[in-house]
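Me: I am new to this structure and would like to understand the words used to describe it. Could we go through them together, setting each value against its definition?

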Amino acid sequence: MERSVKKLKLITSVETLKQAIVLHKSNLDRTIIHQRDERLAETSDNEEFRTRTTLEDSDDQELHLEELLSEFEENCAARGGDSIVFYTTSIGGVRKTFEDCRKVRFLLENHKVSFRERDISMNCEFKEELWKLLGKKVTPPRLFIKCRYIGGAEEVVALNENGKLKKLLEGISSAVRSRRCDRCENERFLMCWNCNGRSRVVAEDGMWKRCKECNENGLVKCALCT
Ligand SMILES: [Zn+2]
Ligand SMILES: [Zn+2]
């Protein structure tokens, strides 16, 4: 009898111990879960906070950019909507003009943005387009950003130095020119398919006629790059 009581006591104590362990474990689990939840809540709070500040930041930048853009005369070069149009020349006839073009191109490339380059020495259409835009016979370089006329080399260099150029270039897609253009291999022009680059074709009456498909050099603009 005594032995069985002892055994019973042992069993109960073992059972109690087991129960105690189970209880303790579940408490532990709960604590762990709770802590984890708290941590989760904390991170999601942080994330929310982070997103909020980022949004505020971008709102802020938008405001500045809009303000900055409004300082420049609205003037939209063809297909210049939300991009950069850079009128330039690749002929070094006038040294200063050529050097100025090089400067502006260097800055644009340095900021690693994509831009439409319109070389007026390669296509007189570009020259006419530029003169029409500015209402007078100007020489390149001339820069347009997001439908605003920014200026020539002097203005662009100054804007680069005071940090405003970087601001103006915000949101412009990064240089696709680092990749090769599939159509023109970055030459910006293609040989005319109609006259094979002669810029003239033989008309029905057997006389040479100016080709209507290309420019004076027998070239066709690459629509992706100019
Ligand atoms: Zn191209
Ligand atoms: Zn042609």
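**Terms and values, one by one**

Me: Where is Pro 141 found?
Reply: Pro 141 sits in the loop between helix 3 and strand 3 (142–145). Helices (H or I, at least four residues) and strands (E, at least two) are DSSP runs, numbered from the N terminus. Please keep in mind that this is a predicted model, where local features need pLDDT of at least 70, side-chain atom pairs count only at pLDDT 80 or more, and totals for chains, interfaces and linings use all residues. Residues are numbered from 1 along each chain as its sequence is written, chains are lettered from A and ligands numbered from 1 in the order in which they are written, and side-chain values use heavy atoms, with hydrogens and water left out.

Me: What joins Pro 140 and Pro 141?
Reply: A cis peptide bond, with omega at about 0°. For background, most peptide bonds are trans, and most residues other than glycine have a negative phi.

Me: How many helices and strands does the protein chain have?
Reply: There are 5 helices and 8 strands. Their order along the sequence is α-β-α-β-α-β-β-α-α-β-β-β-β.

Me: What makes the site of the zinc ion (ligand 1) tetrahedral?
Reply: Let's begin with the donors, which are N, O and S atoms within 2.8 Å of the metal (3.2 Å for Na, K and Ca); water is not among the atoms, so sites may look incomplete. The SG atoms of Cys 181, Cys 184, Cys 222 and Cys 225 coordinate the zinc ion (ligand 1) at 2.2 to 2.3 Å. Four donors count as tetrahedral if all angles lie between 85 and 135 degrees. The angles among the 4 donor atoms here are 100 to 115°, and the site of the zinc ion (ligand 1) is tetrahedral. The ideal for four tetrahedral donors is 109.5 degrees.

Me: How are the donor residues of the zinc ion (ligand 1) spaced in sequence?
Reply: The spacing is C-x2-C-x37-C-x2-C. Distant parts of the chain are linked by Cys 184, in the loop between helix 5 (164–168) and strand 5 (189–191), and Cys 225, in the segment after strand 8 (219–221), 41 residues apart.

Me: Why are Cys 184 and Cys 225 called buried?
Reply: Buried means under 20% relative accessible area, exposed over 50%, and partly exposed in between (1.4 Å probe, protein chains only). Cys 184 has 4% and Cys 225 has 11%, so both count as buried. Buried residues make up 32% of the 226 residues in the protein chain.

Me: What makes the arrangement around the zinc ion (ligand 2) tetrahedral?
Reply: Its donors are the SG atoms of Cys 192, Cys 195, Cys 211 and Cys 214, at 2.2 to 2.3 Å. The 4 donor atoms subtend angles of 105 to 115°, so the arrangement is tetrahedral. Along the chain these donors follow C-x2-C-x15-C-x2-C. Cys 192 is in the loop between strand 5 and strand 6 (200–202) and Cys 211 in the loop between strand 7 (208–210) and strand 8, so the pair ties together parts 19 residues apart in sequence. Cys 192 counts as buried at 1% relative accessibility, as does Cys 211 at 2%.

Me: What is the phi of Arg 188 and of Ser 199?
Reply: Arg 188 has a positive phi of about 70° although it is not a glycine, and Ser 199 has one of about 65°, also without being a glycine. Arg 188 lies in the loop between helix 5 and strand 5, and Ser 199 in the loop between strand 5 and strand 6. Arg 188 is buried at 7% relative accessibility, and Ser 199 is buried at 10%.

Me: How do you know that the buried residues of helix 4 line one face?
Reply: The buried residues of helix 4 are Ala 153, Val 156 and Leu 159. Seen down the axis, they fall within an arc of 135°, so they line one face of the helix. That arc is taken from the directions from the helix axis to the C-beta atoms. Glu 154 and Glu 161, on the other side of helix 4, are exposed.

Me: Why is Phe 126 called buried?
Reply: Phe 126, in helix 3 (residues 124–134), has 1% relative accessibility and therefore counts as buried. Phe 126 and Thr 226 are 100 residues apart in sequence and 9.6 Å apart in space, C-alpha to C-alpha.

Key. Tetrahedral: all angles 85-135°; square planar, octahedral: opposite > 155°, others 65-115°.
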